[in-house]
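The sequence and the coordinates are shown first.

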Amino acid sequence: MTTVLVVYYSAFGHIATVSEAIADGAEKIEGVAVKRVRIPEFNDASIRVVNQRNQNEEKGLGQHFKLTKRVEDYERVQQEQVNIPVATMDDLREADGIIWGFPTYLGSMPAQVKSFLDQAGQFCTTGELEGKPTALFTSAGSIHGGHEATILTSLVPLLHLGMIFIGLPYTQNPEYLTDKAVGCSPYGVSTLAGPDGSRTPCQDELRMAGRLGERVARVAKAFTVAKPFE
Ligand SMILES: Cc1cc2nc3c(=O)[nH]c(=O)nc-3n(C[C@H](O)[C@H](O)[C@H](O)COP(=O)(O)O)c2cc1C
């Protein structure tokens with residue numbers, strides 16, 4: 001049996017939704033088991049960036065972000081995720097392929113994810129993640145908010161861990177060849193949340209997410225059999 005791990009962090013639920021589509025796609029491959037786990041929120045409320053908003057910010061550009069409502073959304077979404085297991089270092093060790101998902105924060109990965117990845121830094125010396133196929137998905141508030149920058153910069157630590165990057169090729173994903181506001185690119189899957197977080201992942205994005213899951217699962221399965229790095 002080949003195991004594909006979908007490991008994600010989601011504050012407002014967009015990434016959580018896409019993670020399900022990724023897992024569904026990976027599960028289509030015979031002999032592949034999928035485990036979906038979440039990177040937890042920081043315990044210290046004072047550094048949970050999304051949780052510090054207040055009504056004073058509902059002015060200026062803040063009006064577009066509907067920040068007060070978003071704090072309510074955040075609390076609800078965190079509650080909805082309590083039954084998803086928290087990601088561990090053993091999950092990474094045991095997986096044959098790993099797909100990472102998280103929102104774009106300041107054009108980059110959230111600190112919660114970087115903190116988790118820093119713990120995984122131990123694998124640089126043990127080589128336990130080397131040769132495992134990996135892929136990325138993100139969501140961003142706006143179309144130019146950093147979808148591609150987040151995926152490309154997040155690839156850097158994964159390369160340090162020796163993982164093998166799987167992208168989302170054009171010919172199999174014609175949906176992103178469009179002039180409409182649809183996420184995804186050759187680098188990976190993405191979705192748009194909208195400035196106020198009210199847009200949900202569209203069918204095209206979810207279809208491409210499924211294909212990315214399938215693609216990583218195929219490679220992970222082939223590597224499990226062929227063991228190209230042993
Ligand atoms: C601290 C912070 C920084 C953000 N930075 C960006 C950004 O650089 N670009 C962007 O388009 N959206 C940005 N956003 C919006 C998030 O990307 C959006 O809330 C996220 O994609 C929603 O995903 P989720 O529902 O899974 O949490 C930011 C949000 C927060 C809380």
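The account below moves from the overall fold to the core, then to one strand and the ligand shell.

**Overall fold.** The model is predicted. The chain contains 8 helices and 6 strands, and their order along the sequence is β-α-β-α-α-α-β-α-α-β-α-β-β-α. With a radius of gyration of 17 Å, close to the 17 Å that the globule rule gives for 230 residues, the chain is as compact as a globular protein of that length. The C-alpha trace spans about 60 × 40 × 30 Å along its principal axes. Of the 230 residues, 41% count as buried. Among contacts between residues at least 6 apart in sequence, 77% join residues at least 24 apart.

In soluble globular proteins, nonpolar side chains tend to be buried together. The largest nonpolar core of this chain has 49 residues, of which Val-4, Ile-22 and Val-216 touch the most other members. Elements that each supply at least two residues of this core include strand 1 (2-8), helix 1, strand 2 (32-38), strand 3 (97-103) and helix 7 (147-160). Helix 8 gives the largest share, 8 residues. Leaving aside residues up to four places away in sequence, Ile-22 touches Val-6, Ile-99, Gly-101, Phe-137, Ala-209, Gly-210, Leu-212 and Gly-213.

**Strand 4.** Strand 4 (133-140) is among the elements that supply residues to the ligand shell, and 8 of its 8 residues are buried. In a regular strand the side chains alternate between the two faces of the sheet. Both faces of strand 4 are covered: Pro-133, Ala-135, Phe-137 and Ser-139 lie buried on one side, and Thr-134, Leu-136, Thr-138 and Ala-140 lie buried on the other. The pairings of this strand are listed here.

| Strand pair | Bridges | Direction |
|---|---|---|
| Strand 3 and strand 4 | 6 bridges | parallel |
| Strand 4 and strand 5 (residues 164-165) | 2 bridges | parallel |

On the strand 5 side, Pro-133 stands opposite Ile-164.

**Ligand shell.** Which residues are the closest to the ligand? Of the 21 residues that surround the ligand, the closest are Phe-12, Ile-15, Ala-140, Gly-141 and Gly-145. Helix 1 (14-27) and strand 4 each supply at least two residues of this shell. By class, the shell has 10 nonpolar, 11 polar and no charged residues. Ala-140, one of the closest residues to the ligand, is also one of the buried residues of strand 4.

Definitions and conventions
Residues are numbered from 1 along each chain as its sequence is written. This is a predicted model: local features need pLDDT of at least 70, side-chain atom pairs count only at pLDDT 80 or more; totals for chains, interfaces and linings use all residues. Helices (H or I, at least four residues) and strands (E, at least two) are DSSP runs, numbered from the N terminus. The radius of gyration is taken over C-alpha atoms; the globule rule is 2.2 Å times the number of residues to the power 0.38. A residue is buried if 20 or more other C-beta atoms lie within 10 Å of its own, exposed if 12 or fewer, and partly exposed in between; C-beta atoms are placed from the backbone. Two residues are in contact if their C-beta atoms, placed from the backbone, lie within 7 Å. A residue is near a molecule or strand if its C-beta atom, placed from the backbone, lies within 6 Å of it. Ala, Val, Leu, Ile, Met, Phe, Trp, Tyr, Cys and Pro count as nonpolar, Asp, Glu, Lys and Arg as charged, and the others, Gly among them, as polar. A nonpolar core is a set of buried Ala, Val, Leu, Ile, Met, Phe, Trp, Tyr and Cys residues joined through C-beta atoms within 7 Å. Two strands pair if DSSP finds at least two bridges between them.
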